[in-house]
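Thanks for asking me to look through this model with you. Here are my notes, as numbered points you can check against the coordinates.

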Amino acid sequence: MKEFDTIAAIATAIGESGVSIIRVSGSNSLEIVNKIFRAKNGENILDIKPYSMRYGNLIDSNNGSIIDEVIISFMKGPKSFTAEDTVEVNCHGGIFVTSRILEEILKCGARIAEAGEFTKRAFLNGRIDLSEAEAVMDIITAKTEASMKAAVMQAEGRVSKEINILRDELLEIIAHIEATVDYPEDDLEEMTSEKTTAVLEVVLDKITKLILTADEGKILREGLKTAIVGKPNVGKSSLLNVLLEENRAIVTDVAGTTRDVIEEYINIDGIPINIMDTAGIRETEDIIEKIGVEKSKQKIEEADLIVFMLDSSSALDEKDLEIIEYIKNKKYIVLLNKIDLPRKIDEKSIKDINPEFIIEISAKNALGIVELKNKIKNLFFKGDIKLNDYIITNTRHKAALIKAKNSLIDSLTALKNTQAIDLASIDVRNAWYALGEVTGDTLEEDLIDKIFKNFCLGK
């Protein structure tokens, strides 16, 4: 276990609440808290048993006045979250009282924790690997039950276990190649080449399957970026409101009411959808609306899915055709809205759009919404979310797996063309190294620091 100074931070959200928790971690955590804690029964908390609590008062270190009634809990390292001695101060929730207690703890010798430093210490002390550490933040930010389950599986080490199995298989290949090179015999290298090729093909297939889970995993982790686009007054804001089941966007008959992009998260049977209601795309002299139109075009570029709305009670015009051309290389669903009104749209004019992706709806009357949700599930999850024992949800993990895959392809090419196992071993080592980036075994320190800086304070 590494030696660190003692750190402290507020572990709960800042605000008015029933309880707040200030976490203190490090070898001096008990001594620091003991300076300002007075137990009701008069006992010294230096004698506290691990995994027990004490009730008392937290006092001002200067004048001894009581700041708050608190409960102190103690977790003895290495059986704590950070694998260090950890004290948690449970006080009344409130911005001022929580900040005052943290201030006193810092006065007594602790320093304020950096973002993610508690979890970073758990990683550096070997209690969890980097993949499991990243899953902690994924659990906190999970938008749906499915995304939470995926994060929990990663936190339990299921991804790490699969990666470590693959690394062990590659390490065995590397050792076998080195033994063959060090102790050459007649035709032994050719035999080793055949065996190595067979094993590498199996490992390559497993890595490829892991990569295939990454697209669905990224959606579960970050949400499916979905942009609602179309001309002004086709019903984009009405659709957003019906999906959210609340009046989030202003709806009027005046074209150009929505001036900016409105973003919200919705849950479609476990799929987190980051849905964006964009300003109607049209030529305008209004400066504010013009900025909104440019933002709309930017969101189209960023989106995983485009929901393009047409007014079925109006004929298609040149602007509609321009938008169709603009989104044709993206994944999209076309909604023919206002089917409760007399139909004027000529379906021959949208003959270039696959009928499979056209849905007739009435956003005003919530008609066709179930079909829209099912279409989104079919497009990205083949109708249902299936969480296997592991799923790659992190873009960094996917990049490392792709590097490993490419290195294995290079090693197989070398074996096929030359049967030179010593050359192939270089690429096998690169693949082994790339897989280690997932768990943090081979990741450089500055990258590790960067990852944990994305965590919230107190975690």
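1. Strand 1 (residues 7-10) sends Ile7 and Ala9 one way and Ala8 and Ile10 the other way, and all of them are buried. Buried here means under 20% relative accessible area, exposed means over 50%, and partly exposed lies in between (1.4 Å probe, protein chains only). Helices (H or I, at least four residues) and strands (E, at least two) are DSSP runs, numbered from the N terminus. Please keep in mind that this is a predicted model, in which local features need pLDDT of at least 70 and side-chain atom pairs count only at pLDDT 80 or more, while totals for chains, interfaces and linings use all residues. Residues are numbered from 1 along each chain as its sequence is written, and side-chain values use heavy atoms, with hydrogens and water left out.

2. Which strands pair with strand 1? Strand 2 (residues 19-25) pairs with strand 1 in the antiparallel sense over 4 bridges, and strand 7 (residues 111-112) pairs with strand 1 in the parallel sense over 2 bridges. Two strands count as paired if DSSP finds at least two bridges between them. Ile7 takes part on both sides: Ser25 stands opposite Ile7 in strand 2, and Arg111 stands opposite Ile7 in strand 7.

3. Now for the overall picture. The protein chain has 15 helices and 13 strands, and buried residues make up 50% of its 459 residues. Of the contacts (heavy atoms within 4.5 Å) with a separation of 6 or more, 67% are between residues 24 or more positions apart.

4. An open sheet is formed by 6 strands in the order 9-10-8-11-12-13, with mixed pairing. Strand 9 and strand 13 stand at the edges, each with a single partner strand, so one side of each has no neighbour in the sheet. From one strand to the next, the twist averages 25°. At one end of that order, strand 12 (residues 332-337) and strand 13 pair in the parallel sense over 3 bridges, and Leu335 has Ile359 in strand 13 as its bridge partner. Helix 11 (residues 318-327) lies across strand 8 (224-229), strand 11 (305-311) and strand 12, and runs at about 165° to strand 11. Axes are lines fitted to C-alpha atoms, for helices over the stretch in contact, and angles run from 0 to 180 degrees between N-to-C directions.

5. Leu335 also matters for reading the nonpolar packing. A nonpolar core is a set of buried Ala, Val, Leu, Ile, Met, Phe, Trp, Tyr and Cys residues joined through side-chain atoms within 4.5 Å. The largest one has 32 residues, and Leu239, Ile273, Leu335, Leu372 and Ile376 touch the most other members. Helix 12 gives this core its largest share, 5 residues. Leaving aside residues up to four places away in sequence, Leu335 touches Leu239, Val307, Phe308, Met309, Leu310, Ile359, Ile361 and Leu372. A second, separate core has 28 residues, including Leu170, Ile207, Leu408 and Val428.

6. How do helix 13 and helix 14 pack? Helix 13 (residues 395-418) and helix 14 (residues 421-439) pack at an angle of about 170°, with axes 8 Å apart. The two helices are therefore roughly antiparallel (over 145 degrees). Leu408 in helix 13 and Val428 in helix 14 are among the residues that meet there. The contact residues divide into 13 nonpolar, 4 polar and 5 charged, where Ala, Val, Leu, Ile, Met, Phe, Trp, Tyr, Cys and Pro count as nonpolar, Asp, Glu, Lys and Arg as charged, and the others, Gly among them, as polar.

7. A few backbone spots deserve a look. Most residues other than glycine have a negative phi, and most peptide bonds are trans. Asp269, in the loop between strand 9 (262-268) and strand 10 (271-277), has a positive phi near 50° and is exposed at 56% relative accessibility. Ala366 has a positive phi near 60°; it lies in the loop between strand 13 (358-360) and helix 12 (369-381) and is partly exposed at 41%. A cis peptide bond, with omega about 5°, joins Gly77 and Pro78, and Pro78 is in the loop between strand 5 (66-75) and strand 6 (86-92).

8. Finally, Asn267 in strand 9 is partly exposed, with a relative accessible area of 46%. Thr144 and Asn267 are 123 residues apart in sequence and 6.5 Å apart in space, C-alpha to C-alpha.

Key: Parallel < 35°, antiparallel > 145°, perpendicular 65-115°, else oblique.
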